Amino acid sequence: MVSWFGIEAGMGLAILGAALAVFLGGIGSSIGVGIAGQMASGVVTEDPEKFGKLLLLQALPGTQGIYGFLVGFWVILKVGLLGGDPATITIDQGFQLFAACLPIAFSGLISGIWQGKVSAAAMGIVAKRPEASGKALILPAMVETYAILGLLASILLITGIRI
Amino acid sequence: MSISQDSRYAYAVGRIRVLENKLLDKTKMQRLQNAKSVDEALLVLSETDYADLVAKAPNPYDIDAITTEEIKRVYLLIRELLPKEALADLFLIKYDIHNLKVLLKAHYQKKDFDYLLVDAGLVPAETIKSVLKNDQLPSIPKEYYEGVKAAKAAYEERQDPKVIDEVLDRTQTAMVADMASKGGHEFYRRLLAAQVDLVNLKSLARVKRLGRGRAFLDDSLLPGGTLAPSFFTPLYGSDWAQLVQAFSLTPYKAVVEQGVAAYLESGQLTTLEKLADNFQMTMLREAKMFALGPEPIIAYVMAKENEVRNIRIIMIGKKNGVATAEIAERLRESYV
Amino acid sequence: MNLRINPTRMELLRLKKRVRVAKRGHKLLKDKRDELMKRFMALIRDVKNMRLTVEKRLMEAYRSFLVARAVMSPEVLEEAIMFPTQQVEISIKEVRMMSIIAPVFTLQQEGAMYSYGLASSSSDLDAALDTFSAVLPLLVELASVERSLDLLAEEIEKTRRRVNALEYVLIPNLEKTVKSIAMKLSEQERAAITRLMKIKDVVRAK
């Protein structure tokens with residue numbers, strides 16, 4: 001058991017990782033949803049009938065936050081913080097968990113922002129050519145791929161870590 | 001482009017995207033053009049975004065009132081969309097410059113021309129008027145004030161009213177370019193530079209056609225384009241073929257080639273002017289590639305200005321019985 | 001109608017002279033009228049052609065102006081031309097032609113015509129001003145020729161009235177009066193002869 005400044009270092013690193021996954025994913029999503037939401041409200045001001053389609057597009061960049069939260073939750077579960085019976089985490093395990101959180105943290109942040117931009121652009125398509133809404137939905141969904149890959153990598157890593 | 005930049009324009013772009021759909025497209029323009037009478041044209045117009053204006057206008061035949069109202073509405077919309085931005089100002093400076101020209105010319109003629117003032121600029125027309133009258137120049141933007149001083153000096157030296165226009169046109173170009181740079185509107189800067197080039201090209205062709213002399217051309221050329229005024233001056237003495245040759249390495253190759261060919265055939269520069277405007281419109285269409293940012297908004301305003309002008313050309317043509325073909329010759333391409 | 005004149009031999013002689021003068025005047029006036037008519041006809045053909053050209057050129061000018069008006073916004077267009085620098089001066093000279101005094105206008109255009117900056121105006125405005133400037137001398141010339149034509153027409157009308165007055169009123173009247181005086185005189189003569197014969201008879205019967 002290593003302790004830095006009286007803190008249990010392994011557990012600390014694991015929690016830091018979980019926090020990173022949640023808040024970076026959250027930042028990515030909120031910026032993305034924010035941009036898309038502004039664009040959507042612009043479109044809805046002029047054409048309220050498009051609200052349904054736009055809502056879907058606005059929600060798309062929101063997934064990164066959810067993924068981040070999922071990974072964070074997984075880590076918390078893993079280290080047993082939820083049950084009130086925390087496991088003993090060595091500093092090695094702490095580092096492993098911390099690193100396992102990084103894929104979703106960064107892919108969530110970056111892809112969230114960009115997905116927001118692409119969503120906003122896709123809203124332009126919906127506004128101009130309602131008949132092409134289906135295609136417009138695919139474009140931001142492509143960005144989602146990388147958030148999912150990040151999520152997958154994080155989850156695989158976390159499950160792989162032995163405590 | 002930074003995130004803050006994106007989110008700053010997202011709402012405005014969203015609204016503009018919908019409004020773009022309401023611009024008159026080729027088919028509607030065609031129908032307007034083919035209308036057999038003013039009344040029929042007004043009917044076509046009533047099926048478009050202009051319906052309200054046509055219905056509310058005290059005299060629907062007064063197309064200038066309708067178009068002025070519409071363009072004012074667009075400027076107001078941009079102000080409302082981007083309250084913290086000087087974006088709308090880029091388009092409003094020209095009205096102040098117009099007012100300054102009117103007031104200076106009126107001043108030197110000692111006549112009242114107030115009915116020509118347009119109240120659409122950054123500074124209310126009344127303010128500009130009283131400022132000029134009482135010689136309290138410093139209370140209007142510095143550029144205006146400098147422009148007025150320069151215009152006055154130039155007029156008093158040469159006693160020729162055209163120098164007032166020329167000096168103030170230069171003020172306007174410099175001021176708009178400066179504002180666009182400060183606002184980071186690179187797209188608009190490029191549009192503006194092309195516009196200056198095309199204005200200079202038109203001036204060159206016009207001075208050549210009128211045979212007004214090199215000095216006249218020198219006075220008319222605006223700085224700030226991608227081609228320096230010194231590019232245009234020597235072309236005054238050359239013949240038209242050489243002129244076409246000189247532009248062959250510029251982006252304006254096609255404009256000059258076709259415009260000059262049409263001029264040599266008909267003696268009119270109408271085609272050249274139209275091609276020049278169409279060139280700008282092609283540049284403007286690049287804004288469609290920008291998903292976010294100020295470009296679509298700038299493009300919308302300019303598209304609207306173009307549309308309003310096309311409507312005016314058509315309606316005035318219809319009112320005066322100009323042949324449809326002749327109207328079509330002068331119509332500019334539309335944005336959508 | 002007979003003139004109220006004493007039927008004397010003196011009067012007869014005087015009237016006969018007047019008839020002669022009137023007839024000569026009539027012939028002269030008729031010649032003048034024919035000459036005026038000839039000139040009038042020649043001029044009217046010119047004027048017609050000129051008017052057609054001027055009207056065509058004016059139409060062109062208005063059309064290009066209309067286009068300038070359509071391409072530029074009304075305020076900008078008016079601003080461009082609100083400060084004219086060209087001075088136009090018209091001087092009038094008078095020329096005698098037969099008995100009429102016809103005016104001849106000469107036009108002088110001074111100063112630059114293009115009193116606006118090029119950047120904010122359209123080339124259609126140049127074209128319109130060009131055509132207007134070219135049509136102005138023609139317009140003035142047309143005005144002077146049309147005025148001559150007017151005066152000529154008036155003169156023809158006057159001459160014709162005179163010719164007709166002479167031909168249908170004065171000369172027939174004079175001739176009728178001459179005839180009636182002659183008749184009166186011969187009547188008087190016959191009466192005198194009859195009287196003399198009667199007196200002769202009375203004297204002879206005694």
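How many residues does helix α3 (residues 63-78) of chain A have, and how far does this helix reach from its first C-alpha to its last? In this predicted model, in which local features need pLDDT of at least 70 and side-chain atom pairs count only at pLDDT 80 or more, while totals for chains, interfaces and linings use all residues, residues are numbered from 1 along each chain as its sequence is written. Chains are lettered from A and ligands numbered from 1 in the order in which they are written, and side-chain values use heavy atoms, with hydrogens and water left out.

Helix α3 of chain A has 16 residues and reaches 22 Å, close to the 22 Å expected at 1.5 Å a residue, where the expected span is 1.5 Å times one less than the number of residues. Helices (H or I, at least four residues) and strands (E, at least two) are DSSP runs, numbered from the N terminus. The buried residues of this helix (under 20% relative accessible area, with over 50% counting as exposed and values in between as partly exposed, for a 1.4 Å probe and protein chains only) include A:Tyr67, A:Val71 and A:Val75. Their cover includes α1 (9-46), α2 (51-59), α4 (91-128) and α5 (133-160) of chain A, and the helix is followed by A:Gly80, whose phi is positive, near 75°.

Chain A as a whole has five helices and two strands, and its elements run β-β-α-α-α-α-α from the N terminus on. Of its 163 residues, 47% are buried. Chain A does not touch chain C, the nearest C-alpha atoms of the two being 29 Å apart, whereas chains B and C share the most contacts (heavy atoms within 4.5 Å) of the two pairs of chains that meet.

In chain B, the axes of helix α10 (residues 186-210) and helix α15 (residues 270-285) come within 10 Å and cross at roughly 170°; axes are lines fitted to C-alpha atoms, for helices over the stretch in contact, and angles run from 0 to 180 degrees between N-to-C directions. The two helices are therefore roughly antiparallel to each other, a term for angles over 145 degrees, as against roughly parallel under 35, roughly perpendicular from 65 to 115 and oblique for the rest. Residues of α10 in this contact include B:Leu191 and B:Leu198, while those of α15 include B:Ala276 and B:Phe279.
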